[in-house]
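This report describes one protein model for a reader who has not seen it before.

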Amino acid sequence: MGYFAARIGITATLAAVLAVPGHAATSIWQVDPNHSAAQFAVRHLGLSTVRGAFTKVNGTVQLDDKDISKSTVEVTIDAASVDTRVADRDKDLRSDHFFDVAKYPTITFKSKKVEQAGAGKLKVAGDLTIHGITKEVVLDVDGLSPAVKDPWGNQRAAAAATTKINRQDFGVKWNATMDNGGVVVGDDVNITIDVELVQKAAGKSGD
């Protein structure tokens, strides 16, 4: 039970994004859930790193290409979509040992500040809510990529973001002590967010 807990993701979430070229001063981009993921990694027994992901990620980016600091990001992750490729572990992560998805079904991120951090890089600060607790985190973002048109006429761009959180800060506290004094689940959770954004052409779709 409980193996490596809170690889949050979500991290949030997701939320990671911005800086795509466009014609209008402000443009709206949707996170494409079929081509995006919030991934996490956490130490197990102090020996190995266990990785997983949240597979249901949705969100919206309002991009101001004239002033990137006026851009905003909002992301919602279905906490029950946690997937570590081990069914019993995923069941435990959904339980009240960890994410308690029956009580806290979503993980959310809402940006508060976006700033340029060098060529092709951004820092996005915002409120991450996990397990009903909200803390400010900062995402280090690579991208956005230049926009491309897909075969269905939609504009697409991509970005990747990373951050690190302590699961204890979000009330995800389950653990067990080993004979050597170590613990089963590490507290630090490394998060990687890969997002593909889409501006759909009128009457078009695509997968």
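The largest nonpolar core of this predicted model has 43 residues. A nonpolar core is a set of buried Ala, Val, Leu, Ile, Met, Phe, Trp, Tyr and Cys residues joined through side-chain atoms within 4.5 Å. Buried means under 20% relative accessible area, exposed means over 50%, and partly exposed lies in between (1.4 Å probe, protein chains only). The residues with the most contacts inside the core are Phe-54, Phe-99, Ile-107, Phe-109, Leu-128, Ile-130 and Ile-165. Strand β12 gives the most to this core, with 5 residues.

Residues are numbered from 1 along each chain as its sequence is written, and side-chain values use heavy atoms, with hydrogens and water left out. Because the model is predicted, local features need pLDDT of at least 70 and side-chain atom pairs count only at pLDDT 80 or more, while totals for chains, interfaces and linings use all residues.

The secondary structure comes to 1 helix and 12 strands. Helices (H or I, at least four residues) and strands (E, at least two) are DSSP runs, numbered from the N terminus. From that end on, the elements run β-β-β-β-β-β-α-β-β-β-β-β-β.

Helix α1 spans residues 87–94, and its residues Arg-89, Asp-90, Asp-92 and Leu-93 are buried. These four lie on the same side of α1, because they cover an arc of only 160° around the axis; the arc is that of the directions from the helix axis to the C-beta atoms. The buried residues pack against β3 and β6, where contact means heavy atoms within 4.5 Å. On the face turned away from the buried side, α1 carries the exposed residues Ala-87, Asp-88 and Lys-91.

Strand β3 also takes part in strand pairing, which requires that DSSP finds at least two bridges between two strands. Strand β2 (residues 37–44) pairs with β3 (residues 48–54) in the antiparallel sense over 7 bridges. Within this pair, Gln-39 has Ala-53 as its bridge partner. The hairpin of β2 and β3 has 3 residues between the strands, and Leu-45 takes a positive phi near 60° there. With β6 (residues 82–83), β3 pairs in the antiparallel sense over 2 bridges. In that pairing, Ala-53 stands opposite Asp-83.

The structure holds 9 salt bridges, each a side-chain nitrogen of Lys or Arg within 4 Å of a carboxyl oxygen of Asp or Glu. Some of them are listed here.

| Pair | Closest N and O atoms |
|---|---|
| Lys-112 and Glu-136 | 2.7 Å |
| Asp-142 and Lys-121 | 2.5 Å |

Lys-112 in β7 and Glu-136 in β9 are 24 residues apart. Asp-142 in β9 and Lys-121 in β8 are 21 residues apart. Asp-142 counts as partly exposed at 41% relative accessibility, and Lys-121 is partly exposed at 38%. Asp-187 and Arg-167 both sit in the loop between β11 and β12, 20 residues apart. Asp-187 is partly exposed at 29%, whereas Arg-167 is buried at 0%. Salt bridges that share partners join Asp-32, Asp-150, Arg-156 and Glu-196 into one network.

Of the 207 residues of the protein, 43% count as buried. Among contacts with a separation of 6 or more, 66% come from residues 24 or more positions apart.
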